[in-house]
Amino acid sequence: MDINYRKTAENRLISDWTDLICELSNQSHSIAIGVFDSEAQLLEANQAMCFFLDTDCSKLQPKNSFINPEFSCFLTDKNKELVFDGLMTIGNYSDISYVVNAKVFRKNDRIMVYAETDILNLFEENKKMSVLNQEVNNLQRQLIKEKKNLQATLAELKETQQMLIHSEKMNAMGKLVAGVAHELNNPIAFVYSNLFSLEKYNAEVFDTIKQIERLIDQTGNQELIVSMSNLMKSNDLEYLKEDLTDLTKESKVGVERVRTIVEDLRRFSRLDESDLKQVDLIENIRSTISIVKAEISKKSIDFKFVSPDHLLVNCFPGQLNQAILNVLVNAIQAVEESGQVIVTVSVEKNTVIIEIKDNGDGIPDEIKTRIFEPFFTTKPVGSGTGLGLSITYKIIHDLHQGAIELDSTLHKGTKMKLLIPKKI
Ligand SMILES: Nc1ncnc2c1ncn2[C@@H]1O[C@H](COP(=O)(O)OP(=O)(O)O)[C@@H](O)[C@H]1O
Ligand SMILES: [Mg+2]
């Protein structure tokens, strides 16, 4: 119906458009028609034109106007009937603008705008486009974020894998150490006992020589006495006796040291002993300390161990040693060269308190709740696995039904107390 209307309207326009103006009441959505006087006053308009000009059909007071071309352009040529034919922009110079295909006719002091309303609401289209654009941008941003997240997860996984490999290595090493310590125990034991025999035999040999010398002296045979004395001098028997005694003594000290190390390692790793046992905690801590002795002396740390001589505790010795070692290693790592680390063992009622105190960097408040999480570390890859405290937590809390108390001040130091019941 609109198409027919348009065709008739166009045909009639070309011949005579005064009649058409009278028919403006015939409303059409596809053709907008408006009649103006030379002062740009809107005299008549159909509904479509009223819509573009943003006015009530009964008032005819447009809020929108012709932006391009402007109304004044239609007044230039008095002799022409068709004064404009092309794309026309109607709007309010700011947010609303319609583009229509228009013909403008002039007859005397009347201007008629005839516009085909295959319009594009540029503003609306623009708005839609920018919404779409924004959506695309958002999606893009989200993709970038997801990608970053994935990359971070991948890095985290790689680190976790490295740490797992490391902890597996440590586990394997623990077993190896326990095995080697066990294997070393026998030969060391017989070298140690042989040294005692050697010392005893030495003394007996020199004693015998002394007796022979005395017997020769008693014979009064000068020739024999001189030969004996020369023999002893030429072999430097006095020196040999002295040196042999020193050598066996030193060897004994050496072997004793090896024996202590092996015993420490064995006591520390105790992987074969996963049962609850009554042990001397002080002896166990001494062994644990000797494992890190080298680290302590490397940094020339002022190290103190304050404890009763013996303290029998019911515990899982191997695991407890591991828990203490982890805290001790952290304390050693936290202090600068020539810092201070103090290990104190005390008993309050039925609770054993193992306190490890350092005057290192301290722990910032914001990470205090995180340090017991597995894999949480502030140390570079290779020097920290982030597993130490999570293992300690498990051993103290779960295995020994104990507790850990943390007291740390930034730049001042850290005090960590491991509390376990004397008897589980
Ligand atoms: N004595 C301490 N002084 C300062 N920071 C500590 C101390 N003990 C633990 N921490 C902090 O807790 C984190 C976790 O410790 P841990 O679980 O043993 O893992 P790792 O030592 O491998 O980093 C450390 O990286 C460190 O930031
Ligand atoms: Mg650690």
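Is Val205 buried, exposed or partly exposed? In this predicted model, Val205 counts as partly exposed because its relative accessible area, 45%, falls between the limits of 20% and 50%. The residue belongs to helix H4, which covers residues 122–219.

The protein comprises 424 residues, of which 33% count as buried. Its secondary structure consists of 10 helices and 13 strands. When contacts between residues at least 6 apart in sequence are considered, 60% of them join residues at least 24 apart. The average pLDDT of the protein is 85, and 87% of the residues score at least 70. Among the elements, the lowest mean pLDDT, 50, belongs to helix H1 (residues 2–15), whereas the highest, 98, belongs to strand E11 (residues 351–358).

The largest nonpolar core contains 37 residues. Those with the most contacts inside this core are Leu281, Ile285, Leu328, Val345, Val352, Ile354 and Ile356. Several elements each supply at least two residues of the core: helices H7, H9 (317–334) and H10 (388–399), together with strands E9 (312–315), E10 (340–348), E11 and E13 (413–421). The most is given by H9, with 8 residues. Apart from this core lies another, made up of 23 residues, among them Ala48, Phe52, Ile90 and Ile111.

The surroundings of Val352 can be listed in detail. With residues up to four places away in sequence left out, Val352 touches Leu281, Leu311, Val313, Val345, Ser346, Leu418, Leu419, Ile420 and Lys422.

Helix H6 (237–269), helix H7 (281–291) and helix H8 (293–298) each supply at least two residues of the lining. The largest share, 6 residues, comes from H7. By residue class, the lining divides into 6 nonpolar, 4 polar and 7 charged residues.

Leaving out residues up to four places away in sequence, Thr248 touches Leu198, Glu199 and Asn202. Phe105 is located in strand E5, which spans residues 97–107. Its relative accessible area is 6%, so Phe105 is likewise classed as buried. Although Phe105 and Leu82 are 23 residues apart along the chain, their C-alpha atoms are separated by 4.5 Å.

Some backbone features were also recorded. Most residues other than glycine have a negative phi, and most peptide bonds are trans. A cis peptide bond, with omega about -5 degrees, joins Asn68 and Pro69. Pro69 is found in the loop between strand E3 (65–68) and strand E4 (82–91).

For Leu60, phi is near 50 degrees, and the residue is situated in the loop between helix H3 (47–53) and strand E3. Leu60 is buried because its relative accessible area of 17% is under 20%. For Ser300, phi is near 45 degrees. Ser300 sits in the loop between helix H8 and strand E8 (302–306). In contrast to the buried Leu60, Ser300 is partly exposed, at 45% relative accessibility.

Technical notes. Residues numbered from 1 in each chain as written. Chains lettered and ligands numbered in written order. Predicted model: local features only at pLDDT ≥ 70, side-chain atom pairs only at ≥ 80, totals over all residues. Heavy atoms only, no water. Helix = DSSP H or I, 4+ residues; strand = E, 2+ residues; numbered from the N terminus. Nonpolar A, V, L, I, M, F, W, Y, C, P; charged D, E, K, R; others polar. Buried < 20%, exposed > 50% of the residue type's maximum accessible area, 1.4 Å probe, protein only. pLDDT = per-residue confidence, 0-100. Core = buried A, V, L, I, M, F, W, Y, C linked by side-chain atoms within 4.5 Å. Contact = heavy atoms within 4.5 Å.
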